[in-house]
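Biologist: I would like to learn how to read this structure with some care. Could we begin with the place where the chains meet?

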Amino acid sequence: MAVTAPPTAPAPGGPTTPGGPTVPGAAGPGPHTAEPPRPPHTWQVLTRATRAWFEGTPGRLRVAGIATVLACLLFGIFAFVAASSRAGALSDARADSAQLVRVQTIRTNLVSADANLTNAFLVGGLEPPAARTAYEQGIATAARTLAEASGNNTRDAATLAGVNDVLTRYTGLVESARANNRLGYPLGAAYLRQATDLLRTDALPQLESLDKSVQSRVNHAYAASADATAWLVAGLVVSLVVLVVAQVWLAGRTRRLFNLPLVTATAIVLVVGIVLSGVMWWSLDKAKSTRSNAYFSTLALATARADAFDAKSSESLTLIARGQGQPYEARFRNEADNAQAILTRATEGGNDDIAAAARAFKDYRGVHTTIRKLDDGGNWDSAVALATGSSPNGSNAAFQKFNNASGQALDQSSSQLRHELDDAHGPLPAFAWIALIAGVAAAVAAGRGVSIRMREYR
Amino acid sequence: MRRLRWVAAAGLGAALVAGCGAGTTPRLPSIPPSSSSSAPSSPAPEPRSDCDDNNHASRVRSYAPGSPLPAGDTPSQTLARIRKNGKIKVGVSADNLLFGYRNPITGQLEGFDIDVVNQIAKEIFGSTQSHIEYVVENFAQRIPDLQSGRVDLVADIMTINCARWSQIAFSSEYFKAGQQVLVRMNSRYQDINDLNRAKAKVCTAQGSTGSENLKKFPQVRPELVDNISDCMVLFQQGSVDGIISDNTVVAGFHAQDPYARIAPRMLTDEPYGLGIPAKDVDFVQYINGLLQKWRDNGFLRDTYAKWLPAPAQNPPPAVYGRALPS
């Protein structure tokens, strides 16, 4: 507390302009005083002015004015942040879910192309045109999806570029295998083995780890979207408390019960706050139900398909290894068990398409069991016939049924996922801006309300 | 396919002739005409347990048909078991162009060893039809599969040597091979010694005699793979400078790659025998009986002529009198 400040402040005749004391040159030449009063520092002057500004009732009114304006702006900003961060999190969830489907699509197509290829080699002879077409479609889809996926998220681009490198080397090896095969050279089988091993030891693990990291991003986005509510609640509560306290104080001080602009500001905050809370609650609820239904189904189907295709390819590899296929059969069992467990869990949601896919996969496994029995019983030729032929009770036909059912279910659930997340996201950006504008409007009203009282006081 | 086989066979022929010309190891020793081999040196074989890889006779010595069996064994117990199963389980190779390979056009296994297996099945069952269960193996899997009983017999260019005799049993010798090196056509390496001096990368299969032999060239950087044909992929991709394996194998590779060249020097002596579990002495005797018959009736010679270059090798004579396993 500066003790010398008060007397100088009200000095009426003094020509002290704020700049005055700080300019010694103006008064300097005056010869009459030996001890000129020490000029106060700038900050002292400011402190003095500020103190005076908040002094007494007008000062308190000013405080009330600033507080209510800030509270309204705070509401607007917090509400804006809440709605836009929810919107952002939901579009992240949507983008990352789509990315997840892409990653699994790449995996599925690579493995499926490989399965078609190994199947054709298993038969011997020139590969059937249908098998070649299926292989080429699988590679084309995988390559296209790779480009799409790395364009959609730069964070995944490095891993996807690695997968792309493997894909290039893989197709090169496959073409060498074909060329040798065409010449009748058994060396083709060695190239095929190298290609398949490369895919399995290099590309698939990279895709699996990418799948995990994208999944954790989706989970993170859902969590962030839930957290957004806190901003809205904080903004709403703080601004309402400030507005109400200010009005109660004003009512006591000015003997007027209501101040229309302030009431308006409060009403704006309250109404917009409640409406936005409703919208936020609705979108969160929608996002939660999407996560436990459409997202869960999509994730389950995409993963189950990739695992199932991996199993199918292992079936051919087991037979190609002829008597030494135990590692491939172990891989089959692992992948097929995964797929089946995922499908069984997903079926509990009551989705008929998934149930159909699960049934089809079970049927396919039945055929596989027969193939294993034949091969293990030393009946390799019959096992190969069942595994490669296009007969309706063969492995290919049974797997095709699963492929159709699960592909259809996946398309359906991933488009449902997209739509639901779009819906949940839809009104949020607009509401974010409405809340911000409402906050500004309320702030204007509050400022006006307090300034009326100020004028009355003078 | 037939053309390919002849190319391979020509390669092997050149290799064998070149090996002879180089004179480093005695190739194609003068073998008495097949008629005389009907009277093998087995009137009173002295059972001998010493085995020396440098002594050909002690190395390839097997059990004579009808010679004594280990205590408790009956002459045809293994055969009876195989007959009862209706199937003989045979370990073969699927990537070795002359001896055992999967014909990519037909999808069927073919080769010298496959013909031998078919003939064995014919002798046991009267026909080959669905009486053979092929187990395609890489070299390192052959001995474990014999020891575990996964297969009854291995017909997969298997070199007879003393280390292996301590784990399994062999039939009498049915083919003579030797190791050679495959390099690129325009390679500056003429020989394994050049590769060794240059610290070059040389590929061979795990569990093969090639991988043992490679240890004698310590400067060489070895590249060991599971399947010998993986070496050829690495070779064509340029990641290894040479391949060391039996001439039967490298000739097959050469036939599939005109840009490769076989270095002339024959490095080792590789007598081939059919691998059989050590305990199945009765089955070794049975197979040796068959081989003896095929030496006499010309089947082996004809099969050489079918797969290998003219003039066909004479079947190596049988050497008997190995001491029974303890």
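Modeller: Contact here requires C-beta atoms, placed from the backbone, to lie within 7 Å, and on that basis 19 residues of chain A are in contact with 24 residues of chain B. Helix H7 (residues 187-254) of chain A contributes the most to the side of chain A that touches chain B, namely six residues, where helices (H or I, at least four residues) and strands (E, at least two) are DSSP runs numbered from the N terminus. This is a predicted model, in which local features need pLDDT of at least 70 and side-chain atom pairs count only at pLDDT 80 or more, whereas totals for chains, interfaces and linings use all residues. Residues are numbered from 1 along each chain as its sequence is written, while chains are lettered from A and ligands numbered from 1 in the order in which they are written.

Biologist: How many residues does the largest nonpolar core have, and which have the most contacts inside it?

Modeller: A nonpolar core is a set of buried Ala, Val, Leu, Ile, Met, Phe, Trp, Tyr and Cys residues joined through C-beta atoms within 7 Å, and a residue is buried if 20 or more other C-beta atoms lie within 10 Å of its own. The largest such core has 213 residues, with Ala83(A) and Ile243(B) having the most contacts inside it. Its largest share, 27 residues, comes from helix H4 (residues 56-123) of chain A. Domain 1 (2-20 + 52-176 + 271-307) and domain 2 (179-263) of chain B, with bounds from an automatic or database domain assignment, both give residues to this core, so it lies between them.

Biologist: Which elements do the buried residues of H4(B) pack against?

Modeller: In general, an α-helix has 3.6 residues a turn, so residues three or four places apart point the same way. In H4(B), the buried residues include Phe112(B), Val116(B) and Ile120(B), and the buried residues of this helix pack against strand E1 (88-92), E3, E4, strand E5 (132-136), helix H11 (281-297) and helix H12 (299-307) of chain B. Just after H4(B), Gly126(B) takes a positive phi of about 90°.

Biologist: In what order do the three strands of the open sheet in chain B lie?

Modeller: Strands pair if DSSP finds at least two bridges between them, and here the order is E2-E3-E4 in chain B, with antiparallel pairing. Strand E2 (95-96) and strand E4 (109-110) of chain B stand at the edges with a single partner strand each, so one side of each is left without a neighbour in the sheet. Two bridges join E2(B) to strand E3 (residues 100-102) of chain B, and Asn96(B) stands opposite Gly100(B) in E3(B).

Terms used. Buried ≥ 20, exposed ≤ 12 C-beta atoms within 10 Å, placed from the backbone. Contact = placed C-beta atoms within 7 Å.
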